[in-house]
Amino acid sequence: MIEGKAETSPELVAFGSRVREERKRRRWTLENLADAALKNGDRKGYISEIERGIRPGITGDTIRKIAAALDITIEEADGAIIVPSADGEIDRTPLEIRLDSLAEDASRAANASEALLERYGPQIEFLTKELHATQSDLLQLLGHILQDRVAPADIQGAITQAWEKLKELRSERGSWAGLPNEEAEIVALLQQADDALSEGPGFSLEKAEKALAAADKRYAEIIEAREEQTKNGKISRAKIIGKRAEMAALKFAYLEASDLYQEQAKLHEQTFRSGSEEYASSLNKAAIHLDDAGLYSKAEPLFRRGLEIHQQVLGEDHPDTAGSYNNVAFCMDA
């Protein structure tokens, strides 16, 4: 964060509290709200800061978008009572007044370069020489800084800090080539981000951010699909191992059957969870064949673990839990 931001106003703290209340009532996640209001689910951290009242740099446009997504009014969020004034006009709430001020600042920042230069010309001219930066780059950075409500006294320091970070980002351009991207769509998005960070008229932080967010989302989809494929593969392999174990038991190869069921248990632990019924079933089968082989001291810990899982998952009254109790008892009596 850039140091020197103004403290969050009481009105915006109240707004954040109301946003969180309504989001929870709708059972929305932070990502749901970020996607609905800002068209970008990856900005859930930004929404979280607003809800907690620790994000002072909020534009009026952003607040109105969030309020619209949740179908709440600014007045309601502010907790103020709207009372007609003496002339019959409805007084604006403190938050409405502040929103108008924020909107004006955001509009000024988004205006043509001449408008920014008119107000911040001396700082821009000085920093252009001091940082060896282009005027267009600094003006764009200034636009973002104004939207984040940096105090006027801190503008110069904020631009310097942002410029240093931008230089660092530009020095890393081309590093995407080292990523193992077999997806042409991701390669193209990363190239777009690189191009958007380059010097010149094509420079755009918004375009770079949007391209990276899209690449990240696509990567997440690919990873999720691969993880699901891997899970299904492990489940299929566990079934095959179970058949191999049955065949080993058929030949009275009890130790081999037990080893195979324990291997199956590991796969079930990875694909389900260590406390799943599938995992407990594999452990019990492995223990049974150790018991068949006369290895009671090795069988008992597996029986006991299976019993614990059945108690947790199925409850004391379930037939499988009763069977697990019997397995432990018979093993101890052997």
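A contact here means heavy atoms within 4.5 Å. Keep that in mind for what follows. This is a predicted model, where local features need pLDDT of at least 70 and side-chain atom pairs count only at pLDDT 80 or more, while totals for chains, interfaces and linings use all residues. Residues are numbered from 1 along each chain as its sequence is written, and side-chain values use heavy atoms, with hydrogens and water left out.

**Overall picture**

The protein chain has 15 helices and 0 strands, taken as DSSP runs numbered from the N terminus (helices are H or I, at least four residues; strands are E, at least two). Of its 334 residues, 36% are buried, meaning under 20% relative accessible area with a 1.4 Å probe, protein chains only (exposed is over 50%, partly exposed in between). Take the contacts between residues at least 6 apart in sequence: 56% of them join residues at least 24 apart.

pLDDT is the predictor's confidence in each residue, from 0 to 100. The chain averages 78, and 79% of the residues score at least 70.

| Stretch | pLDDT | Contacts beyond four places in sequence |
|---|---|---|
| residues 1-7 | under 50 | 13 contacts |
| residues 76-92 | under 50 | 24 contacts |

Where pLDDT is low, the predicted coordinates should not be read in detail.

Helix α13 (residues 277-292) has 16 residues and spans 22 Å from first C-alpha to last, close to the expected 22 Å; the expected span is 1.5 Å times one less than the number of residues. Its buried residues are Tyr279, Ala280, Ser282, Leu283, Asn284, Ala286, Ala287, His289 and Leu290. Their cover includes α11 (205-250), α12, α14 (296-313) and α15 (319-333). Just after α13, Gly294 has a positive phi of about 85°.

His310 sits in helix α14. Is His310 buried or exposed? His310 is buried, at 5% relative accessible area. Leaving aside residues up to four places away in sequence, His310 touches Glu277, Ala280, Asn284, Gly315, Asp320, Thr321 and Ser324.

**Where α2 meets α4**

Helix α2 (residues 30-38) packs on helix α4 (residues 60-70) at about 115°, with axes 8 Å apart. The contact is made by Leu33, Ala36, Ala37 and Leu38 of α2 with Thr62, Lys65, Ile66, Ala69 and Leu70 of α4.

Key: Axes are lines fitted to C-alpha atoms, for helices over the stretch in contact, and angles run from 0 to 180 degrees between N-to-C directions.
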